[in-house]
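I opened my notebook beside the structure viewer today and jotted down what I looked up, one entry at a time.

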Amino acid sequence: MTSNSPNFLLPVPATSLQIPPQAILQNGEQTLRFSLVLPTYNEANNISDIISKLSEILDTEILGEYELLVIDDNSPDRTWEIAQNLIPKYPQLRVMRRETERGLSTAVIRGWQVARGDVLGVIDADLQHPPETLLKLWREIQRGADLATASRHLDSGGVSDWSMIRRVLSRGAQLLGLVLLPEVIGRVSDPMSGYFLVRRNALAGVTMNPLGYKILIEVLGRGNIRWISEVGYVFQERQEGESKVTAKQYIEYIQHLIRLRLSLWPVERFLRFGVVGFSGVFVDMVVLYLLHDGIFNLPLTRSKIIAAEVAIINNFLWNDIWTFGDISTRQRGQRQRIKRFLKFNLICLTGLILNVALLNLLYNLLGINEYLANLMAIGLVTFWNFWINLKLSWRVTEID
Ligand SMILES: Nc1nc2c(ncn2[C@@H]2O[C@H](COP(=O)(O)OP(=O)(O)OP(=O)(O)O)[C@@H](O)[C@H]2O)c(=O)[nH]1
Ligand SMILES: [Mg+2]
């Protein structure tokens with residue numbers, strides 16, 4: 001049956017894990033309203049049932065306007081083949097068989113890359129995510145949400161048969177996430193959910209870099225998501241097939257959190273800012289020398305004030321071209337540049353006052369050695385300067 005059955009399989013994208021801003025359509029194809037991905041690994045006993053249930057539910061609301069995408073990792077139980085044989089009965093079904101790449105999160109992204117829908121979604125294929133919740137999620141997106149996610153931790157939600165150990169591990173993982181990535185994990189009650197819908201335009205052009213199981217974290221961290229809606233659901237007992245969750249998933253989750261943390265912190269930008277800061281110290285020294293000693297013999301205070309301002313101008317120019325160059329090019333025009341310069345100047349001045357205050361606090365109040373105290377004050381003020389400048393002077397506006 002295998003060798004001569006028609007091949008309806010989708011090709012696996014060989015590109016990076018970027019979500020296309022628009023659906024990539026083959027000749028004659030139209031965009032759809034909704035694409036739902038079902039990642040599968042050894043779900044032979046569940047796949048027909050879930051496809052039938054999902055189709056029945058979605059047909060009531062968006063008949064002909066959606067697709068179901070089964071992304072299978074070459075399951076030994078041939079889930080992909082069973083799914084493929086369902087296509088004649090369910091024309092909205094498409095199947096991908098991945099033979100080299102593995103893993104739940106990348107499977108979901110590969111599905112979204114070939115998706116034709118404006119709204120992208122994911123659901124487990126093992127019937128643990130109740131299909132009935134799907135319409136509630138869909139309606140939240142219709143109300144305007146960028147992301148609609150099913151949660152086990154709302155009043156109407158829960159887990160049916162989880163052992164104490166699994167509950168504790170799950171909550172522990174969430175707590176760890178809250179510590180490492182509060183601005184991501186803290187946005188939803190159930191960040192571990194693998195059942196959610198997201199608008200394509202919230203992910204358009206975003207390159208994902210997930211690891212393991214927790215794709216929602218990646219979407220929240222890298223996507224442009226403003227409105228989030230949550231819908232409660234009870235995680236069902238697995239009826240057929242086996243769980244793939246092992247200790248490996250917990251380790252990958254921690255690795256994933258750290259990776260996302262590092263990439264969300266603008267580490268590279270901060271290093272550039274630091275290099276520019278050093279160049280400013282050099283400029284300040286040279287100008288001070290030239291004004292005070294070298295050529296002009298000006299008084300020390302006046303020389304220092306001019307030297308500091310020249311250093312500020314030096315730093316501003318390098319930061320504007322290099323550190324924040326990508327942002328500056330989006331805020332063109334001389335007026336914009338002058339505005340950025342004035343803000344930068346003001347922030348640097350406030351930084352100086354903060355520096356003196358901190359030095360006094362650390363030295364006089366805490367009795368820390370004055371040079372060590374100065375070093376700590378400089379470090380803290382550099383962070384402050386960087387952060388405030390990032391948020392105010394070179395603010396990324398949402399216009400484009
Ligand atoms: N393509 C693909 N799908 C996977 C992979 N691992 C798991 N899946 C699918 O992802 C969904 C969730 O996996 P499960 O093992 O059920 O994980 P879970 O629901 O969190 O855990 P249980 O409650 O123990 O079942 C199921 O549809 C799996 O078949 C994988 O490596 N590749
Ligand atoms: Mg499961």
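**Around strand β7**

I started with the pairing of β5 (residues 147-151) and β7 in this predicted model: the two strands are antiparallel and share 3 bridges. Looking for a partner of Thr149 within β7, I found Phe196.

Next I checked β4 (residues 117-122), which is also antiparallel to β7 and joined to it by 4 bridges. Here Val119 has Arg199 of β7 as its bridge partner.

Which way do the residues of β7 point? I noted Phe196 and Val198 on one side, with Leu197 and Arg199 pointing the other way. I found all four of them buried, Arg199 included.

**The nonpolar cores**

I met Phe196 again in the largest nonpolar core, which has 63 residues. Together with Leu36, Leu38, Leu69 and Val70, Phe196 touches the most other members. I looked up which helix gives the most to this core, and it is α3 (residues 104-114), with 6 residues.

A second core sits separately and has 10 residues, among them Leu291, Ala307, Ile312 and Phe316.

**Confidence**

How far can I trust all this? I read an average pLDDT of 92 for the chain, with 97% of the residues at 70 or above. Residues 1-5 are below 50, and this stretch makes 2 contacts beyond near neighbours in sequence. Where pLDDT is low, the predicted coordinates should not be read in detail.

Definitions and conventions: Residues numbered from 1 in each chain as written. Chains lettered and ligands numbered in written order. Predicted model: local features only at pLDDT ≥ 70, side-chain atom pairs only at ≥ 80, totals over all residues. pLDDT = per-residue confidence, 0-100. Contact = placed C-beta atoms within 7 Å. Core = buried A, V, L, I, M, F, W, Y, C linked by C-beta atoms within 7 Å. Buried ≥ 20, exposed ≤ 12 C-beta atoms within 10 Å, placed from the backbone. Pairing = 2+ DSSP bridges.
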